[in-house]
Amino acid sequence: WSISQGNKVEQEAMDCASRIVLSSDWAAQSAINDYHQPESKIHVVEFGANIDDKDIIKRIFHYDGHLHLLFLGVDWERKGGNIAVETCRYLNENGIKATLHIVGIHNLNDTVKQLPFVDYAGFLNKNIPEEYQRLVEIIKKSHCLLLPTIAECSAIAFCESSANGLPIFSHITGGVRNYVTDGKNGYLLPLGSTGEDFGKKIQDSLFSGELEQMSKGAIDVYNEK
């Protein structure tokens, strides 16, 4: 019943609108196909970063033998948290010392918290200066965003990562392609990819020097979009 009512409200709102602005091509196609809106009404404008310009890092990529992966999301299951954990496990078991920094999850399972390669920061409120600063510091030390989401319209975390020069590793799903271009600011793997699949992709990107190049590419994508 709730889904039915939600669709009814969405339909009426779109029918009344003269312009409809959405954050991804996937959402735009849904408006056209699911709510029967004319293409002439639809406009796609990607999100920006929900972080102050003064805190966007002037990044110079530096890898000293320890890789820092950032997981930034509030829904552990939908954002692919367990895949991220297995990715970091794979890297550590295959010669790359790595830490997974988990930000945004309110109540993380203790078995994950206690893993030696996990740094659990919890949910950080950007409106509290101390917590906001901690988020900035974690982003500053990270080398890439690992967010293997299994369902996504669009994520501001992708914008914040590109702004700060963090290449993104995620799934091909929903509107993610509006925010990640393979080989420029990250890579998208097919749905169903495992932690080993993501680990190998990150490993290859690191050793080939592509991870460093995509750090520069991420900033270009952010400035362009």
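"Buried" here means under 20% relative accessible area, with exposed over 50% and partly exposed in between, using a 1.4 Å probe and protein chains only. Helices (H or I, at least four residues) and strands (E, at least two) are DSSP runs, numbered from the N terminus.

A word on the ground rules: this is a predicted model, where local features need pLDDT of at least 70, side-chain atom pairs count only at pLDDT 80 or more, and totals for chains, interfaces and linings use all residues. Residues are numbered from 1 along each chain as its sequence is written, and side-chain values use heavy atoms, leaving out hydrogens and water.

**The chain overall**

There are eight helices and eight strands in the chain. The radius of gyration (taken over C-alpha atoms) is 18 Å, close to the 17 Å from the globule rule (2.2 Å times the number of residues to the power 0.38) for 225 residues, so the chain is as compact as a globular protein of that length. Along the principal axes, the C-alpha atoms fill a box of roughly 55 × 40 × 35 Å. Of the 225 residues, 51% are buried. Taking contact as heavy atoms within 4.5 Å, 59% of the contacts between residues at least 6 apart in sequence join residues at least 24 apart.

**The sheet**

Six strands form an open sheet in the order E5-E4-E3-E6-E7-E8, with parallel pairing. E5 (118-122) and E8 (186-189) stand at the edges with a single partner strand each, so one side of each has no neighbour in the sheet. From one strand to the next, the twist averages 25 degrees. Pairing here requires that DSSP finds at least two bridges between the strands.

Two of the pairings look like this:

| Strand pair | Bridges | Opposite residues |
|---|---|---|
| E3 and E4, parallel | seven bridges | His-68 and Thr-99 |
| E6 and E7, parallel | two bridges | Leu-145 and Ile-168 |

Back to E3: His-66, His-68, Leu-70 and Leu-72 point one way, while Leu-67, Leu-69 and Phe-71 point the other way, and all are buried.

**Helices on the sheet**

For the angles, axes are lines fitted to C-alpha atoms (for helices, over the stretch in contact), and values run from 0 to 180 degrees between N-to-C directions. Helix H3 (residues 81-93) lies across E3, E4, E6 and E7, running at about 160 degrees to E4. Helix H6 (residues 156-163) lies across E3, E6 and E7, at about 155 degrees to E7.

H6 is largely enclosed by the rest of the structure, because seven of its eight residues are buried. Its cover includes E3, E6, E7 and H8. Just after H6, Gly-165 takes a positive phi of about 75 degrees.

H6 also packs against helix H8 (residues 210-224) at an angle of about 115 degrees, with the axes 7 Å apart. Cys-159, Ser-162 and Ala-163 of H6 make that contact with Ala-218, Ile-219 and Tyr-222 of H8. These residues split into five nonpolar, one polar and no charged, where Ala, Val, Leu, Ile, Met, Phe, Trp, Tyr, Cys and Pro count as nonpolar, Asp, Glu, Lys and Arg as charged, and the others, Gly among them, as polar.

**A lysine under cover**

Lys-79 is found in the loop between E3 and H3. At 8% relative accessibility, Lys-79 counts as buried. Leaving aside neighbours within four places in sequence, Lys-79 is in contact with Phe-71, Gly-73, Leu-147, Pro-148, Thr-149, Glu-152 and Ala-155.
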